2 protein chains.
Amino acid sequence: MTFELTILGCSSAIPVKGRFLTSQILNIREGFFLIDCGEGTQYRMLDYKIPKSKIENIFISHLHGDHIYGLPGLISSYNLNNRVKPLSIFGPIGLVPFLENALEYSYNHLGFDLNIITVDHNKYSVVFEDDNVKISAFPLKHRIPTVGYKFEEKSRLKNIKPEKISEYNLDYNQIRSAKYGNDVVLKSGEILKNSEVTLPPKHLRSYAYCSDTVYSESYIQYIKNVDLLYHESTYMSNMQEKAKLRGHSTTIDAANIAKKANAGKLILGHYSSRYHDLDPLLQEARSIFKNTELGLDGQNYNIELIENE
Amino acid sequence: MTFELTILGCSSAIPVKGRFLTSQILNIREGFFLIDCGEGTQYRMLDYKIPKSKIENIFISHLHGDHIYGLPGLISSYNLNNRVKPLSIFGPIGLVPFLENALEYSYNHLGFDLNIITVDHNKYSVVFEDDNVKISAFPLKHRIPTVGYKFEEKSRLKNIKPEKISEYNLDYNQIRSAKYGNDVVLKSGEILKNSEVTLPPKHLRSYAYCSDTVYSESYIQYIKNVDLLYHESTYMSNMQEKAKLRGHSTTIDAANIAKKANAGKLILGHYSSRYHDLDPLLQEARSIFKNTELGLDGQNYNIELIENE
């Protein structure tokens, strides 16, 4: 039951050797979600052996080039690979004309359905839901319409206590019904509470993505208690002025958000090209929020499933 | 007096690990010309230490994504690096709306002049000329408007035979005049033929770029006797049918063009992603045109200056 984030690019605006522009893959139980798609995302998928064809949904935070210029090439490669499966791309206003023009002027004739879904950048909304995951968008504070995304694992079927099956001689229909959370009606007419025959629910894992944004407590409400938080940290704290001016955060900002949101772990990223050694950024963030790690191209961040007690 | 080609990407349509999409740098006497700009071109410039800021002119063959999707990111990076120098981009019809839309919807406000020059894809034309080089475009035969480019070194000032300076006691003005090709008038009134005081002209080097195109003898006239010819070779000859259908060439096609054009050396490229080992493509081309090399990401191809006899 995988829940794993892979960073494909950790650089802000201008790439640096070894640091591609922003893009991430989130694998939730073998469902692959692409988050942002800076130039070169398809090369990083080759580098890190991402099963490109399994991606059906892409989530775009905003329309600055370093978060979207990899989209036309990725879509074009899907088409050349004879993709037939539909592809959905979620993102703020402007994504439709950006993609339509880019694809049209480069003579693409897609053989699959491309669904571009405009996300309202002014309010919280659930944008995607299936059996495994619920994905919501929420407003960030950047220079242009920008949203963050939260990915929440959904409750699965309950697991039955094995000893109860033999104890009550449960049949297929009774077990199936209990898995869905219902109480069990025995042949005698006796009713067993669901909690008596099922194991306690597992912890449902969550991930929140916040890039790009200036420090603001307005979005903490949407990311409360997430297990894993990615928060942009373009600058160190001695550049707080510039960060604010450009709608970005510092390492201290990111760490304070993680602390106030009660996140399990913080992943930094979107580093300015001025920083060659990233360790000072990590140390600065850790001074506020201990469980911080650097987001780096090609690194994986797992959230382990917490087993039943 | 450099004349050097560097391949930034040798893959066709879909990238392969180690093979980026089409892009090349031609360095003519420290003037850097970018030819096509597939996705990831700016990463390759970092990988191969190309002095990105020195590029003032970009030449685009056609508008398929694998030749242009690196442009918005490159332009955006120039802007973020506070470029003020103008940038000129030459290419067939459609380049203006492609770039204008891509830049507009991603909120770029350029701080430098971007000049996009539409090249007529139906006829030969000189598109650029300075003291060092003349660059012309000529029609290729692909599925959409496509041009090739020829880069020709221009004749420089002549070199004076050192012994003639002392023999005739030539002064600054006489030397300067002779360098420009004039005969020398001595103080005695005697006239020395220019050829008597100057060294014979050096060989003027040339490079032609042909991608993408189906085999056609129509463009041989424009690339006759070039020192270096890059010709696409998407497929091996057993895929001649498919090559023709898709407007591409085989290794044999490329080699035949090189032979008929009397090129000095042939560089192959634009390989289909189906080929992992490229040696069979090289051997096939060499069976027709011996002086062939594989174009590979990061490799340099020099044309040495032929010294005076």
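This is a predicted model: local features need pLDDT of at least 70, side-chain atom pairs count only at pLDDT 80 or more; totals for chains, interfaces and linings use all residues.

Let me begin with chain A. Its secondary structure amounts to eleven helices and 16 strands. Along the principal axes, the C-alpha atoms of chain A occupy a box of roughly 70 × 50 × 35 Å. Of the 309 residues in chain A, 46% are buried. As for contacts in chain A between residues at least 6 apart in sequence, 63% of them link residues at least 24 apart.

The domain assignment divides chain A into domain 1, residues 3–156 + 202–302, and domain 2, residues 162–197. Taken over C-alpha atoms, the centres of domain 1 and domain 2 of chain A lie 43 Å apart.

I turn now to the sheet. In what order do the seven strands of the open sheet in chain A lie? The order is E6-E5-E4-E3-E2-E1-E16, and the pairing is mixed. At the edges are strand E6 (114–118) and strand E16 (300–302) of chain A, each of which pairs on one side only. On average, and ignoring direction, neighbouring strands of this sheet are turned by 20° against each other. Helix H4 (residues 95–105) of chain A packs on the sheet, where it touches strand E5 (87–91) and E6 of chain A. The direction of H4(A) makes about 150° with that of E6(A).

We can follow the pairing strand by strand. Strand E1 (residues 3–9) and strand E2 (residues 23–28) of chain A run antiparallel and are joined by six bridges. Within this pair, Leu5(A) stands opposite Leu26(A) of E2(A). E2(A) also pairs with E3(A), again in the antiparallel sense and over six bridges. Here Ile25(A) faces Leu34(A) in E3(A) as its opposite residue. These two strands, E2(A) and E3(A), form a hairpin with two residues between them. In that turn, Arg29(A) has a positive phi of about 50°.

Is strand E3 (residues 31–37) of chain A mostly covered or mostly uncovered? Mostly covered: six of its seven residues are buried. The pairing of E3(A) with strand E4 (residues 55–59) of chain A is parallel and runs over four bridges. In E4(A), Ile55(A) is the bridge partner of Phe32(A).

Next, a single residue. Met45(A) belongs to helix H1 (residues 41–47) of chain A. Why does Met45(A) count as buried? Because it has 23 C-beta neighbours inside 10 Å, and the cut-off for a buried residue is 20 or more. Leaving aside residues up to four places away in sequence, Met45(A) touches Ile50(A) and Lys52(A). The C-alpha atoms of Met45(A) and His270(A) are 18 Å apart, and 225 residues separate the two along the chain.

Let us move to the contact between the chains. Chain B places 32 residues in contact with 31 residues of chain A. On the side of chain B that touches chain A, the elements giving two or more residues are helix H1 (41–47), helix H2 (65–68), helix H3 (71–80) and helix H4 (95–105) of chain B. By class, the residues of that side comprise 17 nonpolar, 13 polar and two charged.

Finally, helix H10 of chain B. H10(B) is largely enclosed by the rest of the structure, because eight of its eleven residues are buried. Among them are Ile252(B), Asp253(B), Ile257(B) and Ala261(B). The cover over the buried residues of H10(B) includes helix H8 (220–223), strand E13 (228–232), strand E14 (265–269), H11 and strand E15 (292–294) of chain B. Just after H10(B), Asn262(B) takes a positive phi of about 60°.

How does H10 (residues 251–261) of chain B pack with helix H11 (residues 279–286) of chain B, and at what angle? The angle is about 40°, and the axes are 8 Å apart. The crossing in which H10(B) passes H11(B) is right-handed. On the H10(B) side, Thr251(B), Ile252(B), Ala254(B) and Ala255(B) make the contact, and on the H11(B) side Leu281(B), Glu284(B) and Ala285(B). This contact of H10(B) with H11(B) has five nonpolar residues, one polar and one charged.

Thank you for your attention.

Terms used. Residues are numbered from 1 along each chain as its sequence is written. Chains are lettered from A and ligands numbered from 1 in the order in which they are written. Axes are lines fitted to C-alpha atoms, for helices over the stretch in contact, and angles run from 0 to 180 degrees between N-to-C directions. A crossing is left-handed if the near helix is turned anticlockwise from the far one by less than a right angle, and right-handed if clockwise. Two residues are in contact if their C-beta atoms, placed from the backbone, lie within 7 Å. Ala, Val, Leu, Ile, Met, Phe, Trp, Tyr, Cys and Pro count as nonpolar, Asp, Glu, Lys and Arg as charged, and the others, Gly among them, as polar. Two strands pair if DSSP finds at least two bridges between them. Domain bounds come from an automatic or database domain assignment. A residue is buried if 20 or more other C-beta atoms lie within 10 Å of its own, exposed if 12 or fewer, and partly exposed in between; C-beta atoms are placed from the backbone.
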